[in-house]
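Dear colleague,

I am handing over the structure below, and would be grateful if you could look through it alongside my notes.

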Amino acid sequence: MAEFRVWAPKPELVRLDVNGVVHPMRRSDDGWWQASVDAPPDARYGYLLDDDPTVLPDPRSARQPDGVHARSQLWDPSGASWTDDDWTGRPVDGAVIYELHLGTFTGAGTFDSAIEKLDYLVDLGIDFVELMPVNSFAGTQGWGYDGVLWYSVHEPYGGPDGLVRFVDACHARGLGVLVDAVFNHLGPSGNYLPRFGPYLSSASNPWGEGINVADAGSDEVRRYIIGCALRWMRDFHADGLRLDAVHALVDTTAVHILEELATETEWLSRQLGRPLSLIAESDLNDPRLITSCDKGGYGITAQWDDDIHHAIHTAVSGERQGYYADFGSLATLAQTLRHGFFHASTYSSFRGRRHGRPLDTVTVPATRLIAYTCTHDQVGNRALGDRPSQNLTVGQLAIKAALVLGAPYTAMLFMGEEWGASTPFQFFSSHPEPELARATARGRRSEFAEHGWDAEDIPDPQDPQTFQRSKLDWDEAASGLHARLHKLYRELIALRRNEPDLADPWLDHLVVDYNEEQRWIMMRRNRIVIACNLGTEAARLPVGGELVLAWEQPAIGDRATKIPAHSFAILRSP
């Protein structure tokens with residue numbers, strides 16, 4: 001007998017459909033309905049609400065073989081074939097993370113084809129693979145942030161069995177796995193949750209209605225979210241989660257849902273006997289996220305740090321539009337590298353107000369902040385989805401890599417960055433509803449037209465070619481300057497791993513010198529100095545020593561080093 005349970009306090013009547021046969025369900029006082037039915041282990045099922053003849057998928061569905069509008073299918077995690085009993089996990093602090101989108105990482109765009117690239121990631125020196133969302137969303141291809149059935153695994157990628165094989169293969173190679181989880185909004189296609197219960201709140205965010213984590217009926221919604229989060233780590237053996245845009249979770253309760261999730265994650269970690277990490281995306285610059293619960297924080301392991309990205313990118317590229325307006329100088333870059341946040345109770349011209357809060361660099365290690373030269377957001381949310389490699393010299397890309405991988409922060413790469421991939425990463429979707437598809441394309445073009453882009457240049461998200469253009473071209477990784485940049489990334493990651501001075505996580509020990517006019521900046525990490533010339537002319541930097549690694553050969557003296565334009569050198573000072 002199979003036990004079916006669903007929380008549905010809104011409808012007066014809920015019935016269960018299993019393989020086309022309808023069964024009655026019993027309701028409890030707390031809004032849960034249940035039924036015991038003799039069903040095969042791969043039964044297709046769903047729920048009928050009141051007198052509506054439409055069979056709706058299970059909000060906690062594990063598998064959607066025919067998409068998010070169709071019946072769910074039973075899937076038992078206890079039947080998965082795992083071989084990672086010896087995997088003891090690894091902490092994320094100080095690691096090198098590799099963010100990838102499964103559909104464009106390989107030509108086939110599946111878990112199984114991604115497994116074939118894992119040895120490459122090991123050779124590169126990667127510690128964790130971070131998967132962009134793999135939960136079920138409408139259509140066949142998309143970024144995954146329009147998920148509507150958070151418990152299920154997107155079928156075109158390989159479904160839940162494919163994810164099991166992928167995580168198992170990662171662990172066999174010593175790679176940890178992080179799953180990107182979106183709990184702040186639901187996608188526009190296939191969202192049937194409001195039919196079942198009060199999943200949505202009166203609050204809103206840029207992506208639509210907010211999730212009810214604090215209003216009436218929110219207790220079960222919170223359990224829905226936390227249960228989903230724990231499930232990725234328990235049933236699919238993930239080593240942690242990346243939590244999308246947590247600032248959009250409007251929680252006015254005394255115990256914030258992030259604190260509650262961190263507490264339960266720690267409990268699960270003890271039960272499993274391996275580290276589990278939570279990484280938040282937040283634009284608040286609020287150190288309380290990564291401050292331990294016993295010190296009044298939320299206890300999140302780490303958070304993405306866009307200020308570091310903005311400071312590095314603008315200093316190297318010269319871009320200043322939009323939220324880059326406050327960045328660009330080497331003084332700003334130095335301030336950000338030394339303190340983690342640039343906006344820390346300081347005025348943000350983009351927001352028109354003060355923003356952020358200072359990080360206590362004495363008690364919070366730098367490894368709780370994630371630094372990167374680009375992410376899916378910082379590439380894909382550009383009008384044309386163009387990567388830095390499409391606009392900068394290879395030397396400039398090398399400088400960005402040296403600053404991120406040489407800094408004391410936890411580091412992250414975005415797929416293909418390590419060889420300067422020439423392919424874009426554009427915004428793509430495949431909504432099956434024609435009007436929603438047209439609205440998505442119109443909205444994208446209108447958004448960027450307001451910022452001066454020609455609307456006709458904006459790729460249509462629904463055009464299959466937009467998706468195809470975004471797939472990595474693996475052939476270019478081994479040729480020309482691509483291969484040279486790839487070699488540099490391998491060497492930088494190896495140096496980061498093997499050099500004791502680069503393991504110091506405390507920002508109070510980091511010294512940053514710069515010369516605005518000559519366009520050079522240096523990070524001193526005890527005896528290791530990362531010296532970068534961002535200018536268009538060779539520059540003499542006041543540092544000497546033994547050459548460890550460089551992009552272009554510098555001229556090293558006892559007390560000064562001449563570094564070519566758009567290049568860097570890493571030295572070991574006497």
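The notes that follow concern the annotated active site and its surroundings.

This is a predicted model, in which local features need pLDDT of at least 70 and side-chain atom pairs count only at pLDDT 80 or more, whereas totals for chains, interfaces and linings use all residues. Residues are numbered from 1 along each chain as its sequence is written, and side-chain values use heavy atoms, with hydrogens and water left out.

According to an unreviewed UniProt entry, the annotation "active site" covers Asp-244 and Glu-281; such annotations may be inferred rather than shown by experiment, and the positions are in the numbering used here. Although the two are spread over 38 residues of sequence, they cluster in space, with a largest C-alpha distance of 5.3 Å.

Asp-244 sits in the loop between β15 (240–243) and α7 (257–272), where helices (H or I, at least four residues) and strands (E, at least two) are DSSP runs numbered from the N terminus. Its relative accessibility is 9%, so Asp-244 counts as buried (under 20% relative accessible area, with a 1.4 Å probe and protein chains only). Leaving aside residues up to four places away in sequence, Asp-244 touches several residues, among them Tyr-145, Asp-180, His-185 and Glu-281 (contact means heavy atoms within 4.5 Å).

Glu-281, placed in the loop between β16 (277–280) and β17 (302–304), is likewise buried, with a relative accessible area of 12%. Its contacts beyond four places in sequence include Arg-242, Asp-244, His-247, Trp-304 and Asp-377. The side chains of Glu-281 and Arg-242 are joined by a polar contact of 3.0 Å (a pair of N or O atoms within 3.5 Å, of which, within protein, one must be able to donate a hydrogen and the other to accept it, residues adjacent in sequence counting only if both atoms are side-chain atoms).

With best regards

Note on methods: Buried < 20%, exposed > 50% of the residue type's maximum accessible area, 1.4 Å probe, protein only.
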